[in-house]
Amino acid sequence: MTGDPNPYAPPKAEAGTASTEYDPGGTELASRWLRLGGHLIDVLFLVGIAFGLTFLVAALSPDMVLSLDDDLFGGDSRFYLLIGLVFAIYLGTNIPLWHYRGQSLGKLLLGMKIIRADGARAPLWRILFLRTFPILILGEIPLIGRLISIVDAVLIFRDSRQCLHDDFADTIVIRLDDHWRANP
């Protein structure tokens with residue numbers, strides 16, 4: 001029994017041997033194309049909300065739209081209220097999905113899920129405050145914000161398929177197999 005390895009010892013791995021496939025029970029990382037598709041669905045949803053609210057406001061109050069015609073950012077609080085409503089509807093739709101399922105609307109429709117890199121559930125606070133908001137805020141910094149957004153997207157071409165926002169939150173995006181679909 002002296003030559004047997006300790007069954008309670010942590011597994012050993014050599015440095016630099018990270019696998020591109022995440023495999024808790026056969027689950028694999030979502031492909032780059034699938035993640036792009038999910039992001040496009042999320043963006044189209046956001047744009048759809050914006051257009052829908054804009055048309056609703058135009059139908060109910062055409063004078064507001066006409067008053068914004070000359071100077072869109074002219075200090076009209078109604079414009080900022082409209083933008084706030086767009087984001088409130090977007091977050092109001094996605095927050096329950098992030099909390100209960102680890103998915104945005106696009107990820108739900110395409111069969112993906114956000115989890116921690118160790119396979120654990122990603123809590124809502126991690127998705128919001130480490131994964132989503134930092135990139136949104138950094139992206140708004142004049143001059144370097146767009147560069148940060150580009151770096152965030154380009155990092156998906158690493159073997160780990162993690163973007164910068166995944167690194168911030170220690171998350172990965174996986175494809176849902178039968179196990180994950182049964183246990184969201």
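Analyst: Helices (H or I, at least four residues) and strands (E, at least two) are DSSP runs, numbered from the N terminus. The model is predicted, so local features need pLDDT of at least 70 and side-chain atom pairs pLDDT 80 or more, while totals for chains, interfaces and linings use all residues. Residues are numbered from 1 along each chain as its sequence is written, and side-chain values use heavy atoms, without hydrogens or water.

Now to your pocket (an open set of points on a 1 Å grid over the protein atoms alone, where a 1.4 Å probe fits, with protein on both sides within 12 Å along at least five of seven lines; lining residues have an atom within 4 Å of a point). The largest pocket holds about 1200 Å³ of space, a volume filled by probe spheres set on grid points joined across faces, edges and corners. It is lined by 32 residues, and H39, V43, I135, D152 and H165 are the closest to its centre. The elements you asked about are α1 (32–60), α3 (77–101), α5 and α6 (145–154). Helix α1 gives the largest share, 10 residues.

Let us follow two of these helices. The 15 residues of α5 (124–138) should span 21 Å at 1.5 Å a residue, and the 20 Å between its end C-alpha atoms agrees with that; the expected span is 1.5 Å times one less than the number of residues. Yet α5 has a kink of about 35° at T132, shortly before P134 (the angle between axes fitted to the seven residues ending there and the seven starting there).

Helix α3 has 25 residues and reaches 35 Å from its first C-alpha to its last, close to the expected 36 Å. Its kink of about 25° lies at N94, shortly before P96. Among the buried residues of α3 are Y90, N94 and W98. After α3 comes G102, with a positive phi near 70°.

Most residues other than glycine have a negative phi. L143, in the loop between α5 and α6, is not a glycine but has a positive phi of about 70°; L143 counts as exposed because its relative accessibility is 85%. R161, in the loop between α6 and α7 (164–169), also has a positive phi, near 60°. With a relative accessible area of 16%, R161 is buried.

Key
Buried < 20%, exposed > 50% of the residue type's maximum accessible area, 1.4 Å probe, protein only.
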